[in-house]
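I opened the notebook to go through the salt bridges in this model, pair by pair.

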Amino acid sequence: MEGKLMEFLSAQTLLINQMQQNLNHESEKNAECLKKIGAAFSELKNQLQQVEANIHSTAGPSQQEAVKTQLIQNIPWPQPLEVEIGDINDNFDLFKDNWIAYTIASGINKWGPQEEVRKINILLSIIGDKAKKKFSNFHLTEAEMTTAERVLQIVGERIKSDRNQQLKILVPEEKVVNKISDTRKENKICKFCAKNHPFKKELCPAWGKTCSGCRGKNHILRACKKDNKKISYQKNTREKAKKDKKIRKISKEDDSDEEEPEGEEAQILKISKINKLEKEKRKGRAKLKLKFGKEWRKVYCDLNTCSEANVIGFKSYCKLTKTTNPPIKPIEDQLKSFGSGYIATMGKTEILCLHKGQKYTIVFQIVNVEHGPLLSEKTCLTLGLVKYCFRIDNTVANQALIQGKAEANKIIEKHKSIFQGYGLIPEEIKLEIDKKIKPVVQRARRIPICIRNDLKKELETLEEENIIKRESGPTDWVHNILLVRRNNSLRICIDPVPLNAALKRPHFQFTTLDEILPEISRARVFSMVAAKKGFWQIKLSEESKLTTFWTPFGRYRWLRLPFGISPAPEIFSQKMHEVTVGLKDIEILADDILIYGCGDNMEEATKNHNRNLEELLVRLKKHGCKLNRSKLNLCRDSVKFFGHVLTSDGLMPDKAKVEAIKNMPVPQDKKDLLRFLSMITYLSRFIKNLSSETNTLRKLIREDTKWQWTSIEDRI
């Protein structure tokens, strides 16, 4: 047996050696073949170069010109010089690199001196009309247009010098004020603003403004050419100067274009910077709680409703982070100042903000300027730091509403105990289950260690408030818990899936918007109140041990109606209707209660509203209900309810929902279109013949219709 095995191995060894020899032989053949192919390509390249040389030597001037033209046409031109977006210096450097690459690719760099004029014309054409128009053709003279390289160099110098001149005027160098000096100059005074500056309309502060005297455009009052206005203005300012020659205190740099006194004794004074500012008392600041690293700090932030970006100076950022090398992320955006100049950014950073119990992430752009945190318009509105008032209403109706609100606040203060603690409606309820369904004891899930301390504190708090209690005895049902973080607090719910399949529902009929509208047709004043932890105000019977749940600290069961079970909303709504039965001019939606006042005028409506409000508070207090003070919205001429806006003029759509529908992207398939049609159904009350208007769109969602979005659908 061993002999046969040795023979087999010897045969296999010989076969492998033979295969290796064949492979080496084939490799040598392939190497020779590749060498021949390389030699053939080299010979072909030499022949092509010889043919090209013969063409250049034998072709006439017209033929050579045709070859150049054909070559230029085949190579695409680089992009024109961008002068409206981005930094002009960076844009010019990019254009210069593209021009050099283009000259090499098209062969223009090999042209002789006799072709320089044509080369210059091509360069100016590629630069583009926008750049030439903005910089007045770069003020090029015939003497300067010698070579294309020289023209390109001059263009770069003119662009940079013009920009530096604008920045020098629009963003003056900040210096500490040691004295107030006379800065009158002998230069020509601008006839539009009566100030000294380079003669360029873009740099004139009066350009685009309206004169307060003659209402003319592009000048201000002190430069107005109408003598009667000017003389009257000068006379008034001189008389005022004679009466009071005291120097008023200047607390902030003044860049406004308000008119200044004119006359022989008038002087133009220049203020560069004031070092000391009242940080705490300034109205344009807000004190926010920001997180730098692991530390929360209270920082004063400037509010700028004209800014589109949040900005912070590098030095201030280093000081707040207590490091000389704070983390900075790269950014591609550029900041543009009010004078159309650009501000260089070093990068961006994301800072966590805690405001009114909610966390926000604010993105700051970092600049190399000594400045504290500055908040943009969007951030100010999001945080509720500013609010726009587009109309001041001093009508009798508005005065009646204000007076009614003051009386309503007195009623709230009278019953302030209704906002303290948790409520408890006296009657108990019993959860009933279908006995055909087998009880379920869920397998305990592990709770992350990072939230166990918060869970333990919440359990202890709920146990002290008699919301839950420990359960040591055997129970047929045991559930897992679901933890939800909301407003920096931990909300505990049970996993309701198995229990909801067994619970019986009371099938309470909820109120609809169509039922409410006829009742509030004469309403003029509205208020909204909300129950505080509404479900927890309903007590469960001792027999209801169905709500027992696992925790790492033992088993607990709910003594009050828990969140998450299917009959809870119906049970709570039924109880609230029982408590408020007989009260007029109130409507209940889940835990929200609408109080409204009706009348022929606002005064009657506010009196009716306040009477209804006090009756409601007395009734709720009698039955042990509690309200949430933070959700109190008193005496409004419009409130949000059922996803709509109730006003004294009738029902209106919610502007936020309308804006969301407007901003929806164009549908790309049937699924997107179906989502869009579902959204606009919300507006069916306010759009006449909505069904017929969207008939074309609804045809597209049919299964037998091929998807095709055309201009016809886009116009609907």
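The entries below cover the ground rules, the count, and then single pairs.

I am working on a predicted model, in which local features need pLDDT of at least 70 and side-chain atom pairs count only at pLDDT 80 or more, while totals for chains, interfaces and linings use all residues. Residues are numbered from 1 along each chain as its sequence is written, and side-chain values use heavy atoms, with hydrogens and water left out.

I took a salt bridge to be a side-chain nitrogen of Lys or Arg within 4 Å of a carboxyl oxygen of Asp or Glu, and by this rule I counted 20 salt bridges.

I looked up Asp302 and found it in a salt bridge with Arg285, with 3.2 Å between the closest N and O atoms. Because Asp302 sits in strand β2 (residues 295–303) and Arg285 in strand β1 (residues 285–292), the pair ties together parts 17 residues apart in sequence; strands here are DSSP runs of E with at least two residues, helices are runs of H or I with at least four, and both are numbered from the N terminus. Both Asp302 and Arg285 are buried, where buried means under 20% relative accessible area, exposed over 50%, and partly exposed in between (1.4 Å probe, protein chains only).

Next I checked Lys575 and Glu578, whose side chains meet in a salt bridge at 3.9 Å, N to O. Both residues lie in helix α14 (residues 568–579), three residues apart, which is about one turn of the helix. Lys575 is buried at 10% relative accessible area, whereas Glu578 is partly exposed at 42%. I also noted that salt bridges with shared partners join Glu427, Lys575 and Glu578 into one network.
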